[in-house]
Amino acid sequence: MVNWLHSLRRKLKEEQASIIYPHEGFLPPSQDTFAAIGELSRVVRNNPDAVEIYLALGNLFRSQGEIERAIQIRTNLIARPHLEPQFKARAWYELGLDYKRAGILDRAQAALEQAHKITGDDPAVMKEMARLAADSNNFSKAAQHYALLDQPLPQAHYLVRAARQEEEKSGDARAGYKLIEKALKVYPGSVEAWLEIVCRDYRHQNWTNLRFDLKSGLQNVESQLRFVLLEGLFQFIAARSAMDENIKDQAECSSIVANTVAGLEQDMVLCYYCAIFMKQCGRYSRCLEWLEKTLVLSPDFWPARLEILELSLDDQAMTESFKTQLMFFTRRAKSVKRFVCQKCGLKREQLFFNCPRCYSWHSISFRTQLGE
Ligand SMILES: [Zn+2]
């Protein structure tokens with residue numbers, strides 16, 4: 001099936017041929033195509049096998065970017081008076097995907113709701129409704145759908161985003177906190193929720209809470225995701241200090257980070273983060289100590305070597321030309337994307353909770369080897 005599709009697509013590309021008139025070698029005007037679709041619709045009326053083919057034809061059009069044609073097929077199917085409910089539901093479902101592909105999200109939602117009316121909480125329909133709600137920035141609705149799908153991880157993710165949305169809208173921090181607490185209740189390992197909490201602690205300069213929440217967060221999230229909590233907090237502070245640099249708060253926070261990490265089993269990525277927190281607030285000798293600790297755990301950990309190189313540049317006697325060349329390479333090395341999706345290999349410099357390419361949840365990891 002897949003090979004067939006592949007070769008048909010290639011053929012279409014090469015010959016500019018039509019699916020409906022494959023032997024004509026040209027693309028008929030779209031009205032003729034619609035007429036052909038209408039004709040095909042009449043021919044296959046109330047024949048279940050033909051309906052399957054008809055739906056597949058629609059999917060083929062969609063995959064070719066011929067959304068109008070795909071929509072026409074679904075609409076013709078839905079208009080049939082005696083179409084069996086499961087086919088009607090499928091036609092509504094596919095119509096929803098067609099509209100989504102076309103970027104008409106409200107119509108996509110309406111179509112999926114029609115499918116939902118027929119099928120009830122069918123997982124395929126629910127999943128699309130959840131994604132659509134998320135794409136339309138309706139995060140609390142997305143969370144509700146994922147709850148019905150019994151998927152607590154994405155449910156917690158969208159609860160946190162709903163919390164932020166709620167707070168921006170109403171300016172009421174308590175409403176947001178409630179949603180974050182709910183996120184942790186449904187999924188205690190939600191790194192998104194813990195990150196939101198520690199950033200709030202920092203914003204309120206509540207160091208006692210930060211100490212407690214950072215420890216709880218690092219203990220509750222999966223160990224390979226711990227760095228996400230530190231990277232997120234680091235970025236949050238960096239963004240704030242661009243507006244209002246407060247070295248005292250940063251120093252307080254870096255001590256809390258270092259003390260918390262020191263209480264966990266040794267981990268090179270976390271040691272590295274202690275170093276960059278120290279560097280952020282100008283504590284360079286402490287930074288160097290943590291970098292050395294990182295390299296004891298893993299001599300190949302490239303970001304630590306890069307930081308050491310940068311820190312020691314000022315102490316070296318170098319010609320200007322040599323320094324320029326070296327700076328060039330350190331700058332290039334700094335632009336290497338540090339994060340990778342463990343499922344599909346997508347490399348990114350920004351944190352992600354849901355891989356933008358393969359849609360896996362919490363599949364991010366730190367690239368500890370440059371060849372990864
Ligand atoms: Zn991926």
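Predicted model: local features only at pLDDT ≥ 70, side-chain atom pairs only at ≥ 80, totals over all residues.
The nonpolar core comes first. The largest one takes in 85 residues, and the members with the most contacts inside it are Val198, Leu229, Val257, Tyr273, Cys274 and Ala275. Helix H15, spanning residues 268-280, supplies the largest share of this core, at eleven residues.

Next, the helix pair. H4 (residues 67-79) packs against H5 (residues 85-102) with the axes 9 Å apart and at an angle of about 155 degrees. Angles over 145 degrees count as roughly antiparallel, so that is how H4 sits relative to H5. The crossing of H4 past H5 is left-handed. On the H4 side, the residues involved are Ile67, Ala70, Ile71, Arg74, Leu77 and Ile78. They meet Phe87, Lys88, Ala91, Trp92, Glu94, Leu95, Asp98, Arg101 and Ala102 of H5. Sorted by class, this contact is made up of ten nonpolar and five charged residues, with no polar ones.

Finally, the loop. Between helix H12 (207-220) and helix H13 (226-243) lies a loop that holds Glu222. Glu222 has 10 other C-beta atoms within 10 Å, and a residue counts as exposed at 12 or fewer, so Glu222 is exposed. Val191 is 31 residues away from Glu222 along the chain, yet their C-alpha atoms are separated by 8.4 Å.

Methods. Residues numbered from 1 in each chain as written. Core = buried A, V, L, I, M, F, W, Y, C linked by C-beta atoms within 7 Å. Buried ≥ 20, exposed ≤ 12 C-beta atoms within 10 Å, placed from the backbone. Helix = DSSP H or I, 4+ residues; strand = E, 2+ residues; numbered from the N terminus. Axes fitted to C-alpha atoms, helices over the stretch in contact; angles between N-to-C directions. Parallel < 35°, antiparallel > 145°, perpendicular 65-115°, else oblique. Left-handed = near helix turned anticlockwise from the far one by under 90°. Contact = placed C-beta atoms within 7 Å. Nonpolar A, V, L, I, M, F, W, Y, C, P; charged D, E, K, R; others polar.
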